[in-house]
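I opened the notebook to look up a few things in this structure, and I note them here in the order in which I went through them.

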Amino acid sequence: MIMEAREKRLSAPLQWGRREKTAVAGALTLLVLALLALGIYGLTSGSPARADCIRITFPSTLGAADIHACGGKARTMCSSGARYKGIADELRAACGRAGFPYRAP
């Protein structure tokens with residue numbers, strides 16, 4: 001009957017033929033190549049970090065605020081520390097990392 005053939009077919013172990021093995025090998029090769037390409041892209045893309053930039057994240061009224069400045073603007077912020085009283089410690093640390101002198105009020 002139909003049920004006898006089905007049970008015999010289901011009890012036999014799966015056998016992978018040449019076509020199945022080739023398909024799995026091709027899929028794994030594509031996966032490895034895609035991951036390799038993604039890793040190379042991630043390592044080589046993006047702009048290099050600038051040494052003369054400061055970035056400060058500090059608590060604000062609606063959560064966190066962020067200040068980011070580079071070059072002359074960062075130098076001006078570091079030299080006028082009196083304007084940023086609430087974030088003086090964070091600004092002093094960021095200016096020190098960027099190599100700018102911090103002038104306290």
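What percentage of the 105 residues of the protein chain count as buried? I find that 19% of the 105 residues do, where buried means under 20% relative accessible area, exposed over 50%, and partly exposed in between, with a 1.4 Å probe and protein chains only.

Ground rules. I am reading a predicted model, in which local features need pLDDT of at least 70 and side-chain atom pairs count only at pLDDT 80 or more, while totals for chains, interfaces and linings use all residues. I number residues from 1 along each chain as its sequence is written, and side-chain values use heavy atoms, with hydrogens and water left out.

Confidence. I looked up pLDDT, the predictor's confidence in each residue from 0 to 100, and the protein chain has a mean of 86, with 94% of its residues reaching 70 or more.

Fold and extent. I count four helices and two strands in the protein chain, taking helices (H or I, at least four residues) and strands (E, at least two) as DSSP runs numbered from the N terminus. From the N terminus on, the order is α-α-β-β-α-α. The protein chain is more spread out than a compact globule, because its radius of gyration is 31 Å, well over the 13 Å that the globule rule gives for 105 residues; the radius is taken over C-alpha atoms, and the rule is 2.2 Å times the number of residues to the power 0.38. The C-alpha trace spans about 95 × 30 × 15 Å along its principal axes.

Two residues. I placed lysine 21 in helix α2 and noted that it counts as exposed at 51% relative accessibility; its C-alpha lies 63 Å from that of arginine 75, 54 residues away in sequence. Glutamate 7 lies in helix α1 and is exposed, with a relative accessible area of 60%.
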